[in-house]
Amino acid sequence: MQKEISLVIPAYNEVDRIKSTINEAIDYFKKKSLSYEIIVAADGNDGTRETVQKMMETNPNIMVLGSEKRSGKGRGIREAVYLATGEIIGFTDADNKTSISELDNFLPFFNQGYDLVIGSRASDKSVIENPQPIYRRIGSKVFKYIMQVITGLYGIQDTQCGFKFFTNESAKTIFHDQQIDGYMIDVEVLMQAKQRNYKIAQVPIHWRDDGDSRLNLIAGNLQNMKDLFRIRFMKKK
């Protein structure tokens, strides 16, 4: 039976936070009387997968993927979307930087014919708790400029917010062709959406920084640059 919402949670060694993030989502879906499934794409060796597996014993709407090897956020979401059945399919960060309750502001856009609805921290109406350190905010602005120059993806004010939702059709189409395994998945899926002329809504959100970045500043950013050039020359199938 098709669910109304499929929520994908990519996670890498998030054992301390994954249970609370899942429980908050479950409480929200129950309160809104939404049928749901939660798919956790969990890599790492800290017990995150085992924690989710324990939760699966009492809730058949939860499933978990992943292995000890770090395969990447992009791969995890891609594999989860392949299994997802929801009318709306989306992903959110395991560390809960954006509360699932923000979905209240997203769902009406699907009724208006939008294919993707994405959170935007760049909006003047967004509420940012615990802003990132100044060096990371400057880095984000530099990244945005470089990303736009390389890819030509203008018009999206915040590509990297990890709170994005899609219609089933747009998710299945985009992630069928999606290739980037790492953090640049967000840029790639938005590029694919633009190429297909999908309607994208950018919605202000309430977002909080927890100060925990898993990105290696040198090796990680070099890989991100390589991936941006890959995205630039990708052709949709």
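In this predicted model, Ser33 sits in the loop that joins helix H1 to strand S2, the latter spanning residues 36–43. Ser33 has a positive phi of about 55 degrees although it is not a glycine, and with a relative accessibility of 61% this serine counts as exposed, because the threshold for that class is over 50%. Asn13 belongs to the loop between strand S1, residues 5–12, and helix H1, residues 18–31. As background to these two residues, most residues other than glycine have a negative phi.

**Helix packing**

Two packed helices are described by the angle between their axes and the distance between the axes.

| Helix pair | Angle between axes | Axis distance |
|---|---|---|
| H1 and H2 (residues 48–56) | about 35 degrees | 10 Å |
| H3 (residues 73–83) and H6 (residues 168–177) | roughly 135 degrees | within 9 Å |
| H6 and H7 | about 115 degrees | 10 Å |

Taking the pair of H1 and H2, the crossing in which H1 passes H2 is right-handed. On the H1 side the residues that meet the partner helix are Ile18, Lys19, Ile22 and Asn23, and on the H2 side they are Thr48, Thr51, Val52 and Met55. Sorted by class, the contact of H1 with H2 has four nonpolar, three polar and one charged residues.

For H3 and H6, the axes cross at roughly 135 degrees, and the two helices are therefore oblique to each other. The crossing in which H3 passes H6 is left-handed. The contact is built from Ile77, Arg78, Val81, Tyr82 and Leu83 of H3, together with Ala171, Lys172 and Phe175 of H6. The residues of this contact of H3 with H6 divide into six nonpolar, no polar and two charged.

Helix H6 also packs against H7, with the axes 10 Å apart and an angle of about 115 degrees, and the crossing of H6 and H7 is right-handed. In this contact H6 supplies Thr173, Ile174, Phe175 and Asp177, while H7 supplies Ile185, Glu188, Val189, Gln192 and Ala193. By class, the contact of H6 with H7 has five nonpolar, two polar and two charged residues. Phe175 of H6 takes part in the contact with H3 and also in the contact with H7.

Gln192 is found in helix H7, which covers residues 185–195. This glutamine is buried, because its relative accessible area of 6% falls under 20%. Leaving aside neighbours within four places in sequence, Gln192 is in contact with Thr173, Ile174, Asp177 and Gln178. The C-alpha atom of Gln192 is separated by 9.8 Å from that of Ser170, a residue 22 positions away along the chain.

Asn96 lies in the loop between strand S4 and helix H4, and with a relative accessible area of 11% this asparagine too is buried. Not counting residues up to four places away in sequence, Asn96 touches Thr21, Glu24 and Arg208.

**Aromatic pairs**

A pair of aromatic rings is described by the distance of the centres and the angle of the planes. Counting rings whose centres lie within 6.5 Å, the model has eight aromatic pairs. One of them joins Phe106 and Phe163, an edge-to-face pair with 5.1 Å from centre to centre and 80 degrees between the planes. Phe106 lies in the loop between strand S4 (88–91) and helix H4 (107–111), and Phe163 in the loop between helix H5 (134–151) and strand S7 (164–167), so the pair ties together parts that are 57 residues apart in sequence. Phe106 and Phe163 are both buried.

A further pair is formed by Phe166 and Phe175, whose ring centres are 5.6 Å apart and whose planes stand at 75 degrees, so that this pair is likewise edge-to-face. Both Phe166 and Phe175 are buried. Elsewhere, ring pairs link Tyr28, Phe29 and Tyr36 into a cluster.

Technical notes:
Residues numbered from 1 in each chain as written. Predicted model: local features only at pLDDT ≥ 70, side-chain atom pairs only at ≥ 80, totals over all residues. Heavy atoms only, no water. Axes fitted to C-alpha atoms, helices over the stretch in contact; angles between N-to-C directions. Helix = DSSP H or I, 4+ residues; strand = E, 2+ residues; numbered from the N terminus. Parallel < 35°, antiparallel > 145°, perpendicular 65-115°, else oblique. Left-handed = near helix turned anticlockwise from the far one by under 90°. Contact = heavy atoms within 4.5 Å. Nonpolar A, V, L, I, M, F, W, Y, C, P; charged D, E, K, R; others polar. Phe/Tyr/Trp six-rings, centres within 6.5 Å; stacked < 30°, edge-to-face > 60°. Buried < 20%, exposed > 50% of the residue type's maximum accessible area, 1.4 Å probe, protein only.
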